[in-house]
Amino acid sequence: MSYLELKNVKKSFGAINALQGVDFQIGAGEAVGLMGDNGAGKSTLVKIIAGNVQPTSGQIFVDGQDTVFASPLDARKLGIEIVYQDLALCDNLTAAANVFLGRELQAGFGQFHKLSHAAMNRRAAELFGELKSETRPHDLVERMSGGQRQAVALARTRLSDPKLVLLDEPTAAISVRQVAEVLARIAQLRDTGHAVILVSHRMGDVFEVCDRVAVLRRGHKIADKPIGDTSPEEVTGLITGALEEA
Ligand SMILES: Nc1ncnc2c1ncn2[C@@H]1O[C@H](COP(=O)(O)OP(=O)(O)OP(=O)(O)O)[C@@H](O)[C@H]1O
Ligand SMILES: [Mg+2]
């Protein structure tokens with residue numbers, strides 16, 4: 001059984017039909033590339049899966065259960081973590097504070113508990129090290145580059161043991177070395193039984209780490225096939241509209 005299944009999901013923003021009836025499923029140990037031109041509906045789809053946007057209609061099943069996410073917290077409780085395209089970090093906080101936002105470590109108990117900044121800084125330093133990022137826990141996010149912000153957002157997904165990780169264009173604005181780390185992280189997640197959805201415009205990234213590729217065009221899913229059954233040329237044709245569907 002699929003971990004996640006979407007049935008006939010539609011989303012309108014006023015007169016704009018961002019998603020026009022999308023079916024999609026993903027199981028444990030699968031990495032799926034989600035591709036499509038600008039405005040095709042990719043971010044809208046992953047935001048719906050993350051509970052950040054409510055679909056206009058359609059159903060979401062998690063482990064076979066018909067589910068409604070009222071907020072991102074509902075999705076996170078079921079093991080769904082997202083790294084947003086626009087990253088959604090708090091600029092005025094440090095890197096470590098952003099990593100632990102909403103799930104701060106506490107020391108002590110009862111009325112004596114306090115946030116354990118030392119422990120959070122230590123753990124954040126470990127996570128940045130694993131991601132080969134130069135980011136330091138005390139760095140303020142407002143002074144960070146795009147790549148450093150990416151490391152902070154990625155570190156957040158390593159805190160818990162998520163069932164499904166959604167990455168919206170994680171490699172769009174980072175260095176070659178960091179791209180390799182992100183792709184290695186995706187492969188590692190998949191190989192340890194997690195499900196990963198990678199939204200990307202980078203054909204090479206998708207063909208390197210994904211088992212399957214789904215293509216959206218103007219809110220419709222026009223292809224969904226194993227990587228081995230398609231080619232970069234075919235997917236490019238699907239994205240641009242040179243090919244109707246496959
Ligand atoms: N909050 C919103 N309000 C109004 N329209 C929106 C909103 N979010 C998305 N849209 C519209 O929905 C459509 C799909 O947008 P979406 O962000 O999902 O595209 P995308 O495939 O992620 O594109 P990109 O590759 O540029 O990131 C677009 O026409 C966009 O303008
Ligand atoms: Mg997008």
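Let me begin with a definition: two strands are said to pair if DSSP finds at least two bridges between them. Please also bear in mind that the model on the screen is predicted.

With that term in hand, consider strand S1, residues 4–13, and strand S4, residues 57–62, which pair in the antiparallel sense over 5 bridges. One example is Glu5, whose bridge partner in S4 is Phe61. In general, the strands of a sheet pair through backbone hydrogen bonds, either parallel or antiparallel.

S1 and S4 belong to an open sheet of 4 strands, in the order S2-S1-S4-S5, with antiparallel pairing. Which strands form its edges? They are strand S2, residues 16–26, and strand S5, residues 65–67, each of which pairs on one side only. From one strand to the next, the twist averages 30 degrees. Helix H1, residues 42–49, lies across S1, S2 and S4 and runs at about 120 degrees to S1.

I turn now to a second sheet. Here 6 strands form an open sheet, in the order S6-S9-S10-S3-S11-S12, and the pairing is mixed. S6 and S12 are the edge strands, each pairing on one side only. In this sheet the twist averages 15 degrees from one strand to the next.

Strand S9, residues 164–168, and strand S10, residues 195–199, pair in the parallel sense over 5 bridges. Within that pair, Val165 has Val196 of S10 as its bridge partner. S11 and S12, by contrast, run antiparallel and are joined by 6 bridges. There, Leu216 has Lys221 of S12 as its bridge partner. S11 and S12 form a hairpin with 2 residues between them, and Arg218 in the turn has a positive phi of about 45 degrees.

Which helices meet this second sheet?

Next, please look at helix H8, residues 232–240. Which of its residues are buried? They are Val235, Gly237, Leu238 and Ile239. The cover over these buried residues includes strand S3 (31–35), helix H7 (203–209), strand S11 (212–217) and strand S12 (220–226). After H8 comes Gly241, with a positive phi near 100 degrees.

Thr135 is placed in the loop between helix H4, residues 117–130, and H5. Is Thr135 buried or exposed? Thr135 has a relative accessible area of 4%, and because buried means under 20%, this residue counts as buried. Leaving aside neighbours within four places in sequence, Thr135 is in contact with Ala95, Phe128, Met144, Gln148, Ala151 and Val152.

Finally, I come to the spaces in the model. The largest pocket has a volume of about 330 Å³. It is lined by 16 residues, and the closest to its centre are Arg76, Glu81, Ile82, Tyr84 and Arg156. Helix H2 (72–77), strand S6 (80–83) and H5 each give two or more residues to this lining. The largest share, 4 residues, comes from S6. By class, the pocket lining has 12 nonpolar, 1 polar and 3 charged residues.

How many cavities of 30 Å³ or more are there? The count comes to 1. About 60 Å³ of space lies in the largest cavity. Its lining consists of Leu131, Ser133, Gly147, Gln150, Ala151, Leu154, Ile174, Gln178, Glu181 and Val182. Helix H5 (146–159) and helix H6 (176–191) are the elements that give two or more residues to that lining. H5 provides the largest share, 4 residues. By class, the cavity lining has 5 nonpolar, 4 polar and 1 charged residues.

Thank you for your attention.

Terms used
Residues are numbered from 1 along each chain as its sequence is written. Chains are lettered from A and ligands numbered from 1 in the order in which they are written. This is a predicted model: local features need pLDDT of at least 70, side-chain atom pairs count only at pLDDT 80 or more; totals for chains, interfaces and linings use all residues. Side-chain values use heavy atoms; hydrogens and water are left out. On a 1 Å grid over the protein atoms alone, a cavity is a set of points where a 1.4 Å probe fits but cannot get out, and a pocket is an open set with protein on both sides within 12 Å along at least five of seven lines; lining residues have an atom within 4 Å of a point. Grid points are joined across faces, edges and corners, and a volume is the space filled by probe spheres set on the points. Ala, Val, Leu, Ile, Met, Phe, Trp, Tyr, Cys and Pro count as nonpolar, Asp, Glu, Lys and Arg as charged, and the others, Gly among them, as polar. Axes are lines fitted to C-alpha atoms, for helices over the stretch in contact, and angles run from 0 to 180 degrees between N-to-C directions. Contact means heavy atoms within 4.5 Å. Buried means under 20% relative accessible area, exposed over 50%, partly exposed in between (1.4 Å probe, protein chains only).
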